[in-house]
Amino acid sequence: MELRINTTATEQEAQAIAKALASHFGEDVELYAQRGDDLLASASPKASAGDATTGETATGDGGSAEPLGPTAREETLQAEIDDILEGGPEKYRERLSDQGKLFVRDRLDLWFGEDGLSFEDGKFANFDAWHPSGQDSDPESDDRLPADGLITGAAEFEGRDLHFMANDFTVKAGSMAEKGVEKFLRMQQRALKTGRPVLYLMDSSGGRIDQQSGFFANREGIGKYYYNHSMLSGRVPQICVLYGPCIAGAAYTPVFADFTVMVRDVSAMAIASPRMVEMVTGEEIDLQDLGGPDVHARHSGSADLIAEDEEHARELVAKLIGYLPDNADEEPPQTEGTAPARAPEGIDSVVPQEPNRGYDMNDVIERVVDAGSTLELRPEYGPEIITSFARIDGRPIGIVANQPNHRAGAIFPDAAEKAAGFIWTCDAYDIPLLYLCDTPGFMAGSQVEKDGILEQGKKMIYATSSATVPKQSVVVRKAYGAGIYAMSGPAYDPEGVIGLPSGEIAIMGPEAAINAVYANKLAAIDDPDERAEKEQQLREEYREDINVHRMASEVVIDEIVAPSSLREELEARFAFYETVEKDLPDKKHGTIL
């Protein structure tokens with residue numbers, strides 16, 4: 001059989017076609033160029049079937065059985081896949097180790113192991129743009145675009161099925177273009193259908209500016225990322241890990257995610273690059289000072305956790321996901337409970353008798369929660385409030401605790417913002433809340449007013465008010481002013497308000513109250529000793545009105561418990577109220593963000 005084919009076929013493609021036709025028709029095949037007498041390839045049916053060494057068998061005209069297996073066509077495909085898996089030019093791969101980073105395919109092996117990657121979508125994205133001749137592409141060409149620089153798919157991580165995306169920094173610095181954007185959007189939209197978590201492994205310089213046509217402002221373009229992030233928010237957990245510079249549009253994925261992990265020394269995120277900042281403002285600044293981990297951990301609050309290296313990033317996310325359900329319809333995963341790391345009997349000694357003396361609230365927390373179960377988020381941002389995941393008897397909880405070691409535990413704007421976001425996230429994923437209150441209230445002063453203390457305080461109170469998960473509030477020591485409101489006091493529908501014997505609830509502390517009420521009377525006393533004695537007397541009388549025994553007597557709080565039994569009390573209360581259901585008023589949503 002003689003056939004003519006298009007001369008654009010490569011020698012390998014022509015040979016594969018000849019073998020396939022010979023096997024199909026059971027006779028010899030010769031392929032010639034469409035014009036002329038040039039023989040491009042030839043094959044016989046026996047040779048075609050005999051190429052395979054394993055698999056099934058086929059019977060030719062002579063009736064003899066030959067093994068079946070991959071043809072040249074499949075071998076060509078596999079060669080193309082192998083080429084795609086190599087990523088961008090080798091020169092860029094070689095630079096990754098100098099930058100302290102893994103090649104993206106090696107990174108996926110670290111996260112999911114050899115068997116954890118379930119499947120990948122879109123390996124051949126934009127294939128024709130860089131690989132028009134099968135296997136003949138230049139491996140060192142800057143025009144290589146394997147997978148269009150973005151890998152998406154599904155995987156198993158710590159026993160959980162999830163969706164993932166990962167930038168390939170060897171391909172145009174991980175930049176995003178039309179086909180990669182399409183894969184990203186499909187992955188997000190499928191996550192909405194499956195109700196499974198999403199993991200973003202980000203290392204992207206932003207949009208591919210020289211290829212922006214077709215993906216930037218389109219209805220289904222890069223702007224749709226953030227719409228989808230918003231739809232996924234509170235539906236399934238979104239966790240983002242940053243491995244490199246994420247600039248402009250790429251920087252919004254980490255801030256839209258529920259949780260963001262930055263890898264020290266290599267990651268950064270900013271609305272514009274240092275070069276663009278200098279062009280626009282004249283400011284000269286390097287990337288780490290502009291948007292490195294320290295900036296976002298301490299100042300912006302955009303980084304929840306900082307990892308020391310790639311392995312540490314995986315460890316942090318493995319711990320984090322252990323507190324979270326797959327989606328908002330499921331319960332958070334429980335584990336076997338363990339005793340606290342330190343004995344609860346020490347709590348009363350940890351909390352000072354003097355209301356103005358500092359101490360570390362973590363010393364109370366570790367005597368209440370399961371040993372080794374805490375994971376504090378944003379510890380350097382708004383450190384006057386601790387926001388931490390933990391477990392009590394294996395049950396995940398979110399802890400919102402004042403930290404007297406920092407500015408006496410007064411609530412500053414950044415601390416209020418941090419707490420509000422954490423409360424909101426816990427409520428979205430049905431994680432009960434434990435408030436540990438020891439605060440003189442919201443901070444006062446001209447600077448905090450400029451920084452939005454009222455606005456941020458409002459958000460914290462709103463989040464506490466709207467949370468429908470079980471809440472337990474413990475008055476550890478001071479609960480002054482609106483601080484008791486933000487910390488889920490009696491008016492905020494908690495399932496319990498517990499007081500320790502060191503607790504006090506008041507509009508303001510004794511010193512401020514006496515100064516406000518008795519300033520003139522005290523000033524009229526000339527003798528300093530007599531004045532001090534009178535002031536002490538007034539302070540003690542005031543304390544009698546605000547101490548926890550008075551609050552319990554008037555049923556303002558539910559119970560006073562011995563500090564040594566606090567863990568046991570909380571364990572019983574969280575277990576009892578585990579299935580409580582609370583409804584919000586019928587409305588579209590509130591107006592407070």
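Buried residues are those under 20% relative accessible area, exposed residues are over 50%, and partly exposed ones lie in between, with a 1.4 Å probe and protein chains only. The model on screen is predicted, so local features need pLDDT of at least 70 and side-chain atom pairs count only at pLDDT 80 or more, while totals for chains, interfaces and linings use all residues. Residues are numbered from 1 along each chain as its sequence is written, and side-chain values use heavy atoms, with hydrogens and water left out.

**Helix H18**

Select residues 453-466, which form helix H18; helices (H or I, at least four residues) and strands (E, at least two) are DSSP runs numbered from the N terminus. Colour next the buried residues of H18, which are Ile453, Gln456, Gly457, Met460, Tyr462, Ala463, Thr464 and Ser466.

**Met460 and the cores**

Stay on Met460 and show its contacts, where contact means heavy atoms within 4.5 Å. Leaving aside neighbours within four places in sequence, Met460 is in contact with Ile385, Val400, Ile411, Ala416, Ala419, Ala420, Ile423, Ala486 and Met487. A nonpolar core is a set of buried Ala, Val, Leu, Ile, Met, Phe, Trp, Tyr and Cys residues joined through side-chain atoms within 4.5 Å. In the largest such core, of 63 residues, those that touch the most other members are Trp111, Phe112, Leu199, Val241, Phe389, Val400 and Met460. Helix H16 (residues 413-428) supplies the largest share of this core, 7 residues. A second, separate core of 27 residues can be picked out through Leu150, Leu185, Leu232 and Ala250, which are among its members.

**The largest pocket**

Keep H16 in view and turn to the open space. On a 1 Å grid over the protein atoms alone, a cavity is a set of points where a 1.4 Å probe fits but cannot get out, a pocket is an open set with protein on both sides within 12 Å along at least five of seven lines, and lining residues have an atom within 4 Å of a point. Grid points are joined across faces, edges and corners, and a volume is the space filled by probe spheres set on the points. The largest pocket holds about 1600 Å³ of space; to find its centre, select Ser233, Gly421, Trp424, Thr425 and Leu593, the closest to it of the 43 lining residues. Two or more lining residues come from each of helix H8 (224-232), helix H9 (252-256), strand E12 (259-263), H16 and H18, and H16 gives the most, with 9 residues.

**An enclosed space**

**Two loop residues**

Finish with backbone angles. Asp393, in the loop between strand E16 (385-392) and strand E17 (395-402), has a positive phi near 55 degrees although it is a residue other than glycine, and it is partly exposed at 33% relative accessible area. Val555 also has a positive phi, about 55 degrees, without being a glycine; Val555 sits in the loop between helix H22 (548-553) and strand E22 (559-560) and is exposed, with a relative accessible area of 63%.

Conventions. The expected span of a helix is 1.5 Å times one less than its number of residues.
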